[in-house]
Amino acid sequence: MPLGSTALPFIVIGGGVAGLVVARDLAIAGERVVLVEATDRLGGQVRRHRLAGLDLDAGAEAYAARNPSVPELARELGLAGELVSPNPAGSWLFTAESDAYPLPATSLLGIPAVIDEQLERVLGAQATARVAADAELPAELGADAVTLGELVRVRMGEAVVDRLVAPVTTGVHSAHPDALPLDRVAPGLLAALAREGSLAAAVRTLRDQAPAGSAVGGIRGGMARLVDELERELARLSVDVRVGAPAEDVTPTSIRVGAERLLGTVVVAAPGVLAPASIRPATVVTLIVERPELAAAPRGSGVLVAPGAPVTARALTHQSAKWDWLAHAAAGLDVLRLSYEHPVPTDTARGDATTLLGVTIRPRDIVESAVVEWQRSAIEASAAHPQVGEAASGTGLASVVQHARATARRLLAVGGTREDDVRLKREKGSTTNDD
Ligand SMILES: Cc1cc2nc3c(=O)[nH]c(=O)nc-3n(C[C@H](O)[C@H](O)[C@H](O)COP(=O)(O)OP(=O)(O)OC[C@H]3O[C@@H](n4cnc5c(N)ncnc54)[C@H](O)[C@@H]3O)c2cc1C
């Protein structure tokens, strides 16, 4: 029986993708849903800005294709024809010695699956021989590793952690491999190691099992279109969406928004609500550049930066080389996006782009620029509340969407009994200033 008509609503705190997705799934099942968002707009870390007449993603600009959750959601939202793959040229690596190489094509999070000349160019002969030793080591070695760094170090040596995996994880997850739990960033890798006997073979099988095509995907026009469509759906489903409405005094069954107390089953989709959030800052500098030499995409779709390299940026995405739709829209301009831990002046980004791309970009080549600061939350799951979003699922849209939908299914499965309702109604009777 749909509970919507009689039961108290679900109250979703946070209007990022996680909150929007969980609210949508609950509403589709007939539940009443209230969603409160602290800021004046929905989308959280997915939003657009406009530079040089181009609509660009200011935050997330792609999704990992390691699970089908984002393309599935996009299809449900009518965006099937808008899913796109990036330029297959792939990313490059910029080393501490200021060398630039294409990243090994067959790899997972930078862990090489194949030993070839390209790998030897990046690592040198000795470290490549250490990678080869992985095939001879007992399968149990590394079986108890907790972090990605631990596993790669023990199987393939320090150089692979430093020169290949760290640049990928700092660029993608903003974290060193030693800070990344294996079960979050590479689920199935330890099981594959046990089956296959070596890390390289484990990576090969996981790569083979992954959906065909590119490791990431995008949406023509930018990932922010996902938020536009989710917002439209919530309106259609009559979800009570309130922006500029920060939730306070949060309990499992109630929140306060301004002077109003709302009762219902609280689903937390915002960091820092349950406990002081451990927040990592991040800054993205976008440069719109007029420099014909960049049209040749000198470093593929972008550059990942190894620790010790003489730039401040952690990564550079050559967005107009990565996405055809953007190259088309940019009509001869180039769009570069550089990631930093802390805010930097545009001129630092210009210098870093020159170093990383090997093409001099002069101040007069910059048509427009933007520096956007973000706060990203580390994992801080709580058992007491249903919780979705990157604090519970790990960072990235693929994890966030998959986890939010699984959580909605779980809430709906237990919702039939809604034992909380009895307690809630009692609580409601004793509350004076509610609805
Ligand atoms: C620069 C950047 C680039 C990224 N690139 C990619 C990428 O290419 N691919 C990818 O998959 N992922 C990427 N990510 C990560 C991805 O964007 C996030 O993992 C994802 O969007 C998180 O969604 P969320 O809903 O969990 O959290 P958020 O988007 O952070 O949403 C949380 C929401 O809760 C609101 N909120 C907070 N407190 C309260 C309160 N008390 N009451 C009400 N509301 C509250 C916030 O205002 C916010 O809107 C990127 C992130 C950044 C910052």
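Q: In which helix does Ala413 lie?
A: This is a predicted model, in which local features need pLDDT of at least 70, side-chain atom pairs count only at pLDDT 80 or more, and totals for chains, interfaces and linings use all residues. Residues are numbered from 1 along each chain as its sequence is written, and side-chain values use heavy atoms, with hydrogens and water left out. Helices (H or I, at least four residues) and strands (E, at least two) are DSSP runs, numbered from the N terminus. Ala413 lies in helix H15.

Q: Is Ala413 buried or exposed?
A: Buried means under 20% relative accessible area, exposed means over 50%, and partly exposed is in between (1.4 Å probe, protein chains only). Ala413 has a relative accessible area of 65%, so it counts as exposed.

Q: Which way do the side chains of strand E1 point?
A: In E1 (residues 10-13), Phe10 and Val12 point one way, while Ile11 and Ile13 point the other way. All four are buried.

Q: How many bridges join E1 to strand E16, and in which sense do the two run?
A: Two strands pair if DSSP finds at least two bridges between them. E1 and E16 (residues 265-268) are joined by 4 bridges and run parallel. Within this pair, Val266 of E16 stands opposite Ile11.

Q: What is the bridge partner of Ile11 in E2?
A: The partner is Val34. E2 (residues 33-36) pairs with E1 over 4 bridges, in the parallel sense. Between the two strands the chain passes through helix H1 (residues 17-28), and this β-α-β crossover is right-handed. The term applies if, with the strands pointing away from the viewer, the path from the first strand over the helix to the second runs clockwise.

Q: What is the order of the strands in the open sheet that contains E11?
A: The order is E5-E11-E6, with antiparallel pairing among the 3 strands. E5 (63-64) and E6 (83-84) are at the edges and each has a single partner strand, so one side of each is left without a neighbour in the sheet. E6 is joined to E11 (residues 216-219) by 2 bridges. In that pair Leu83 stands opposite Ile219.

Q: How many residues surround the ligand?
A: A residue is near a molecule if one of its heavy atoms lies within 4 Å of it. By that rule 35 residues surround the ligand, the closest being Glu37, Gln45, Ala62, Glu390 and Leu397. H1, strand E21 (366-377) and helix H15 (397-415) each supply at least two residues of the shell.

Q: How many residues of each class does the shell have?
A: Ala, Val, Leu, Ile, Met, Phe, Trp, Tyr, Cys and Pro count as nonpolar, Asp, Glu, Lys and Arg as charged, and the others, Gly among them, as polar. The shell has 19 nonpolar, 11 polar and 5 charged residues.

Q: Which ligand atom lies 2.6 Å from a polar side-chain atom of Glu390?
A: That atom is an oxygen. Taken alone, the ligand exposes 1,000 Å², of which the protein buries 87%.

Q: What joins the side chains of Ser254 and Arg261?
A: A polar contact is a pair of N or O atoms within 3.5 Å; within protein, one must be able to donate a hydrogen and the other to accept it, and residues adjacent in sequence count only if both atoms are side-chain atoms. The side chains of Ser254 and Arg261 are joined by such a contact, of 2.7 Å. Ser254 lies in strand E14 (residues 254-257) and is buried, at 1% relative accessibility.

Q: Where does Ala52 lie, in the chain's order of elements?
A: Ala52 is in the loop between strand E3 (48-51) and strand E4 (54-57). Most residues other than glycine have a negative phi. The phi of Ala52 is near 50 degrees, a positive value. Ala52 has a relative accessible area of 29%, so it is partly exposed.

Q: Which loop holds Ala331?
A: Ala331 is in the loop between helix H12 (324-330) and strand E20 (334-340). Ala331 also has a positive phi, of about 45 degrees. With a relative accessible area of 63%, Ala331 is exposed.

Technical notes. Accessible areas come from the Shrake-Rupley method with a 1.4 Å probe; for residues, only the protein chains shown count as cover.
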